[in-house]
Amino acid sequence: MLKNGPVSLLFHSLVVGFVLAPLVVICLVAFTPENTLSMPKFLTPWNGFSLRWFRAIFEHPDFTASFWNSLLLATLSASIAVALSVPAALAIDRMEFPGRASLNALFLSPLIIPHLVLGVAFLRLFALIGATGSFPWLVASHVIIITPYVLRLVLAALSGFDRSIEAAALTLGAGPGTVFRRVTAPMILPGITGGWLLAFINSFDELTMSIFVTSPQTVTLPVRMYMYATESIDPMMAAVSALMIALTAIAMLVLDRAFGLDKILVGQK
Amino acid sequence: MNRRVTPWPLVGPATLMFFGLVVVPLTLTVILSFHGYNHTTGIENRFTLTHYQAILSDSYFLGIFWRTLRIAALTTVICAAIGVPEAYVLARMRDPWRSVFLLVIIGPLLVSVVVRAFGWSMLLGSTGLVNQAFMAVGLPTTRLLYTETAIVIALVHVMLPFMVIPVWTSLQKLDPAVEAAALTLGASPFTTLRRIVLPQVTMGMLSGSLIVFGLSASAFAIPGLLGGRRLKMAATLVYDEYMHELNWPLGATIAILVLVANLVIMLAYNHAVEARMRRTMG
């Protein structure tokens, strides 16, 4: 195999530096003992280390409430998305029926409709039916934007396996239910789990659509952080961000160990 | 296989949900954009084209649309200029480095955009690390935060994985032996790059560019946090119309225009790419 020359490696280091810079700065600033958002001084010694801003988060009930709210929202919507996607994927992959292609396009359409547009569209609908600020409808709106991710992974898992195994089970006398439970489901389980996690993360991080449809009672963590950052900037924002980075890193490692992150994010081969 | 079985018990719930929460709200929003608006009485129940006329003739709105297009195009070009060579460098690495750095490059995709925007606002602020570095080498400090430059830098950071991923995928299909063969047969490294690698990478780069452009043109958090109140892009404009001006019909009109522009550009681009494919194949 060909090797990278020194120029390529220098370029690569610059790109990696660029990618990591904002994340590293957040993690450094989060540990500041100062009152204000003091920048780490370049070329000067460190001016202390403190966990006070992490403690400050827990003294802000609105942040912790938003965190639990986001966690519940992401868990519920990812689970509903899976419950909708698995049967839909089975039908799309296994059956011939009129409108199959258009349905598939409809289910994947939230990927190409800007979240901003979906946000205002949901806001209009919710205002008309009197559901503004309702948590169940917030869950429903999240289900719409994350279902495509699950559907794509489940479809890929379905198309990637040997159909004759199912035929064999049927021939040997298993009913369709048993075939699904004992043969199909275990084989597509990695696709389902990967899809659930990807959906969870996307729901947990979603900002642009949610900012239109959350009410003060249902504010999600990204919306809370966005509002906070547009008004005041203090080291607590860095501490919250550092926690989010840590959580994401853990989720990423789990995903990577279990499925291979490149397979989930890059696509299936 | 199950030709006799009806699909509706399986696809029914999802169809119902997507019809009710994609088709219906979008239709309602299109209708809303034709409603009148009065600052004292609110949304009026009459048909009007005023919002479309206002937006397409007002230099304030046109300026914001123009800025949005310019920033999205610039972000796309820079992402391609960084992402394509980076994907190539990654593809030439060996494991474990290859997997580690692939994770480093595409992993930030999973970190909330708000977090990444906040990180850049600290780097680019007047006392941020970038300005400290400028001072250290004797350059004057520059105002970076709340400029288009800041928006483009942060957008490139957020969009880079969307360029690296498709290019990486198309490079995976390139047998390294072909490259080695070209070199053995006397082609210079430059010729090999141009004649063997580049054609393979082009499709990935084109689809990556489409994603990056579409997402940048409708980006919200980055211009919201790094552009300040005055430097608006399409998405932050819609947000202001909805949340501060409370002029929903006008906001809906802008949102619909963003959607239509997005779809038109996407279809035209796909069409052009397919035509190009056919030319190169045939």
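The model is predicted: local features need pLDDT of at least 70, side-chain atom pairs count only at pLDDT 80 or more, and totals for chains, interfaces and linings use all residues. Residues are numbered from 1 along each chain as its sequence is written, and chains are lettered from A, with ligands numbered from 1, in the order in which they are written.

**Confidence**
- The predictor gives the complex an ipTM of 0.87 and a pTM of 0.88.
- Chain B has an average pLDDT of 86, and 97% of its residues score at least 70; pLDDT is the predictor's confidence in each residue, from 0 to 100.
- Within chain B, the lowest mean pLDDT among the elements belongs to helix H6 (residues 129-136), at 78, and the highest to helix H3 (residues 59-91), at 93.

**Chain A overall**
- Chain A has 12 helices and 0 strands; helices (H or I, at least four residues) and strands (E, at least two) are DSSP runs, numbered from the N terminus.
- Along the principal axes, the C-alpha atoms of chain A fill a box of roughly 75 × 60 × 30 Å.

**Helix H11 of chain A**
- The 25 residues of H11(A) (residues 235-259) should span 36 Å at 1.5 Å a residue, and the end C-alpha atoms are 36 Å apart, which agrees; the expected span is 1.5 Å times one less than the number of residues.
- Just after H11(A) comes Gly260(A), with a positive phi of about 85°.

**Helices H3 and H8 of chain A**
- H3(A) (residues 61-94) and H8(A) (residues 176-205) pack at an angle of about 140°, their axes 8 Å apart. Axes are lines fitted to C-alpha atoms, for helices over the stretch in contact, and angles run from 0 to 180 degrees between N-to-C directions.
- The two helices are therefore oblique to each other (under 35 degrees is roughly parallel, over 145 roughly antiparallel, 65 to 115 roughly perpendicular, and the rest oblique).
- Residues making this contact include Leu73(A) and Val82(A) of H3(A), and Trp196(A) and Phe200(A) of H8(A); contact means that C-beta atoms, placed from the backbone, lie within 7 Å.
- By class, the contact of H3(A) with H8(A) has 11 nonpolar, 6 polar and no charged residues. Ala, Val, Leu, Ile, Met, Phe, Trp, Tyr, Cys and Pro count as nonpolar, Asp, Glu, Lys and Arg as charged, and the others, Gly among them, as polar.

**Where the chains meet**
- The contact takes 76 residues from chain B and 74 residues from chain A.
- Helix H1 (residues 8-32) of chain B gives the most to the side of chain B that touches chain A, with 15 residues.
- That side of chain B divides into 56 nonpolar, 15 polar and 5 charged residues.

Conventions. Contact = placed C-beta atoms within 7 Å.
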